[in-house]
Amino acid sequence: MRKLGISFVALALALTGCTATTDAETTTSPKPTPTAVTVEEPATATVQQVASVIAAHDADFRETDEAAWDCRSAFIDAETDPIAELDATSCFANRVTSTMWAQITIRDLAALEVPAELVPLVNETVAMMELLAELDLSVCGEQFDVPDLGDEECNGAITSSEVYLGSIVGTLDKWRPYL
């Protein structure tokens, strides 16, 4: 039994001796090695990444454009027909929202390093979107109002939105091979 106790003590001392450090070693910490920081140039986006920005609101622009004439009728009939008034309110809200879709699309395209093959189409798309994005539909009221087409300024803004949406859809058609 005594031999066993001495063996444990010897083992404990041996293990402690292996891990013992001097005061100098415990107070000095290793100095970090400087690491070089590299700044990477933004990678060129893939055709699919650019096309996904276009696809995000493609259907929204198309639906708003397709509803343009029905909306114009609803704007006119809203004074006498409660159903037309609801339709007109929805139509105008979509029209106002389409200006926001254009702004989002412009922002998202600007954030990408566009592949050279798509630069002309992206530039054309942004030019069309900017027309709609900058359109001030507030001359027709708030987003959920019924626009008064009897007001010349409002009628002009609504007409411009119809023209711009039609132009955007024409430009979006050129994206079909990529979508």
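A salt bridge here is a side-chain nitrogen of Lys or Arg within 4 Å of a carboxyl oxygen of Asp or Glu. Take Asp-108 and Arg-107, whose side chains meet that way, 2.9 Å from N to O. Asp-108 is partly exposed at 26% relative accessible area, while Arg-107 is exposed at 53%. For those words, buried is under 20% relative accessible area, exposed is over 50%, and partly exposed is in between, with a 1.4 Å probe and protein chains only.

Before I go on, the housekeeping. This is a predicted model, so local features need pLDDT of at least 70 and side-chain atom pairs count only at pLDDT 80 or more, while totals for chains, interfaces and linings use all residues. Residues are numbered from 1 along each chain as its sequence is written, and side-chain values use heavy atoms, with hydrogens and water left out.

OK, back to charges. There are 7 salt bridges in the structure. Salt bridges with shared partners join Asp-58, Arg-62, Asp-173 and Arg-176 into one network. Let's walk through part of that. Arg-62 pairs with Asp-58 at 2.8 Å, N to O. Both of them sit in helix α3, residues 47-66, and they are 4 residues apart, about one turn of the helix. By helix I mean a DSSP run of H or I of at least four residues, numbered from the N terminus.

Asp-173 itself is partly exposed, at 39%.

That brings us to α7. This helix has 22 residues and reaches 32 Å from its first C-alpha to its last, close to the 32 Å expected at 1.5 Å a residue; the expected span is 1.5 Å times one less than the number of residues. The buried residues of α7 include Cys-154, Ile-158, Leu-165 and Leu-172. What do the buried residues of α7 pack against? They pack against α3, α4 (68-77), α5 (82-110) and α6 (119-133), where contact means heavy atoms within 4.5 Å.

Last topic, the disulfides. A disulfide is a covalent bond between the sulfur atoms of two cysteines, and the cut-off used here is a pair of cysteine sulfur atoms within 2.5 Å. The structure has 2 of them. One joins Cys-71 to Cys-91, with 2.1 Å from S to S. That link is left-handed, at -75° about the S-S bond.

Cys-140 lies in the loop between α6 and α7 and Cys-154 in α7, so the pair ties together parts 14 residues apart in sequence. Cys-140 and Cys-154 are both buried. Counting bonded cysteines along the chain, the pattern is 1-2, 3-4.

Methods
Helix = DSSP H or I, 4+ residues; strand = E, 2+ residues; numbered from the N terminus.
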